Amino acid sequence: GMERTCSACSRVSQTTLRCSRCKVVRYCNAACQKEHFPRHKILCTGLKAACADDASPSGLSSSENAEGVGETLVMKMSTNSSSAEIQLACLVDMLGLLEHIVGATPPFAPVPGLQNGAVSAVVRALAVHQEHVELQEVGLQTLHCLLQLPENFTETLVADALPTVLSTIMLYSKKNGLSC
């Protein structure tokens with residue numbers, strides 16, 4: 001099976017429980033879910049709408065909903081850039097959303113607005129919180145998902161992101177005894 005990230009503690013495992021409402025965010029166990037719910041409930045309904053298989057009652061397609069939720073996360077990340085805790089919570093929700101989009105059948109329509117904004121927000125979080133190992137881990141996974149989406153990224157965006165991504169990988173590798 002595919003490895004998934006727990007939204008509460010960020011552990012990666014093959015067996016995770018999904019939030020029964022939005023079916024997007026995943027947890028190791030009930031304790032993690034209970035601990036994370038106060039943070040998750042703000043986005044739960046939006047994630048549910050974003051990831052519904054058919055159009056939502058509001059008439060929006062799941063792609064448009066996904067873009068809305070993604071933009072909410074990006075906005076939350078830019079207004080709270082100094083809080084590692086909020087950045088991490090947003091990254092975890094974004095990763096859940098992206099894993100859903102990447103694995104969706106039929107495939108989602110491209111969400112260019114979300115992607116470019118999200119890449120910038122993730123890169124900013126990685127640059128600001130270089131000492132936060134968990135955030136770096138989830139941030140890199142989120143970028144990995146973003147780059148799998150079928151969309152054209154602006155060249156300047158990728159060029160701007162590269163130095164931060166590389167230094168993050170180098171730092172992370174050093175801390176974990178990996179060689180690049």
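Visitor: How many helices and strands does the protein chain have?
Guide: Six helices and four strands, counting DSSP runs numbered from the N terminus (H or I, at least four residues, for helices; E, at least two, for strands). This is a predicted model, where local features need pLDDT of at least 70 and side-chain atom pairs 80 or more, while totals for chains, interfaces and linings use all residues. Residues are numbered from 1 along each chain as written, and side-chain values use heavy atoms, without hydrogens and water.
Visitor: In what order do the elements run?
Guide: From the N terminus on, β-β-β-β-α-α-α-α-α-α.
Visitor: And what does the pLDDT average?
Guide: The chain averages 77, and 74% of the residues score at least 70; pLDDT is the predictor's confidence in each residue, from 0 to 100. Over residues 54-60 it is below 50, and that stretch has three contacts beyond near neighbours in sequence (heavy atoms within 4.5 Å).
Visitor: Switching to helices: at what angle do α3 and α5 pack?
Guide: About 30°, with the axes of α3 (residues 84-103) and α5 (residues 133-146) 9 Å apart. Axes are lines fitted to C-alpha atoms over the stretch in contact, and angles run from 0 to 180 degrees between N-to-C directions. The two helices are therefore roughly parallel (under 35 degrees).
Visitor: Which residues meet there?
Guide: Among them, Leu88, Leu91 and Leu95 in α3 and Leu135, Val138 and Cys145 in α5. The contact residues divide into twelve nonpolar, four polar and two charged.
Visitor: How much of the chain is buried?
Guide: Of the 180 residues, 43%, where buried means under 20% relative accessible area with a 1.4 Å probe, protein chains only.

Key:
Parallel < 35°, antiparallel > 145°, perpendicular 65-115°, else oblique. Nonpolar A, V, L, I, M, F, W, Y, C, P; charged D, E, K, R; others polar. Buried < 20%, exposed > 50% of the residue type's maximum accessible area, 1.4 Å probe, protein only.
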